[in-house]
Amino acid sequence: MNVLAPVRRDRVIADLPRCFRKEAALHTRPAFHPTVAGACQEQRTGVVGFKISKIIVVGDLSVGKTCLINRFCKDTFDKNYKATIGVDFEMERFEVLGVPFSLQLWDTAGQERFKCIASTYYRGAQAIVIVFDVNDVGSLEHTRQWLADALKENDPSNVILFLVGSKKDLSTPAQYSLIEKDALKVAQEMQAEYWAVSSLTGENVRDFFFRVAALTFENSVLAELERGSSTRRIGDTVRISSKESDLYLSTPRKKPKCCQ
Ligand SMILES: Nc1nc2c(ncn2[C@@H]2O[C@H](COP(=O)(O)OP(=O)(O)OP(=O)(O)O)[C@@H](O)[C@H]2O)c(=O)[nH]1
Ligand SMILES: [Mg+2]
């Protein structure tokens, strides 16, 4: 991927995208945090570089994690199930408030036998997306365990959470509203933002990823400003070290013993 190519016009975020449900939103402010907006405005010009956030996508097998990412990144949908083995990776570039910003989307395996490999990639995430199938209440129940496992590798105070109900096209409005009640409770309990999507029709997929990009960006800029890194301007090139978060691991790490 050429990181220097201009950001696609349809990946430019100038205003804060809205949440899906006010009852389970990370916040309901109508605009970007004024500190973030101000910092970006002042330092927008003349800065070359990019910021990157790592997003991990977890959840039961076959709930639609890969389809969700493929719908957004490639605008494709495959009706045949091909299990993800270990992890897959996509990079999606945005421009948020004039600042280049990339999301690394780590698509992890839901199958138990690959979980051990996948979990070695959980570390260093800025956001965790936990997916369940709105037609399968069991997959919603399992989201708590997926979250617990992902948080073992991450600092809970530094990571933002999204709970995503998939395959909305397969449920009737009545069935959907029943599971949504439970999902909202789970999301509130986790302090996650709730979304429901369909990768088949594309419903809410773009809005969801825009919200992920915007909130992850906002969170990381705020954290950066709080750390008082006044010497580094927003949008300055971030040094990518393999130690920090293994951002560009191209080959899987050594297979852990538990997976053998
Ligand atoms: N109708 C419908 N089917 C979907 C949707 N999303 C995924 N599917 C189907 O569900 C199956 C599983 O989708 P995947 O995206 O591969 O599931 P996954 O969560 O990545 O599965 P693992 O990689 O094993 O963890 C496939 O047959 C998809 O076509 C959706 O929004 N609507
Ligand atoms: Mg998959």
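How far does a backbone N or O atom of Gly-64 lie from an oxygen atom of ligand 1? The distance is 3.0 Å, a polar contact (a pair of N or O atoms within 3.5 Å). The model is predicted: local features need pLDDT of at least 70, side-chain atom pairs count only at pLDDT 80 or more, and totals for chains, interfaces and linings use all residues. Residues are numbered from 1 along each chain as its sequence is written, chains are lettered from A and ligands numbered from 1 in the order in which they are written, and side-chain values use heavy atoms, leaving out hydrogens and water.

An N or O atom in the side chain of Tyr-81 is 2.4 Å from an oxygen atom of ligand 1. For the side chain of Thr-66, the corresponding distance is 2.8 Å. Taken alone, ligand 1 exposes 660 Å². The protein buries 93% of that area (Shrake-Rupley method, 1.4 Å probe).

The shell around ligand 1 holds 23 residues (a heavy atom within 4 Å). Lys-65, Asp-78, Tyr-81, Gly-110 and Asp-169 come nearest. The shell divides into nine nonpolar, eight polar and six charged residues, with Gly counted as polar and Tyr as nonpolar.

Ligand 1 sits in the second largest pocket (more than half of its atoms within 2 Å of the grid points). A pocket is an open set of points on a 1 Å grid over the protein atoms alone, where a 1.4 Å probe fits, with protein on both sides within 12 Å along at least five of seven lines. This pocket holds about 520 Å³ of space, the volume filled by probe spheres set on the points. It is lined by 30 residues (an atom within 4 Å of a point). Ser-62, Gly-64, Cys-67, Asp-78 and Tyr-81 are the closest to its centre. Helix H2 (65–74) and strand S4 (99–108) each give two or more residues to the lining (DSSP runs; helices at least four residues, strands at least two). H2 gives the most, with four. By class, the lining has 10 nonpolar, 12 polar and eight charged residues.

Technical notes. A polar contact is a pair of N or O atoms within 3.5 Å; within protein, one must be able to donate a hydrogen and the other to accept it, and residues adjacent in sequence count only if both atoms are side-chain atoms.
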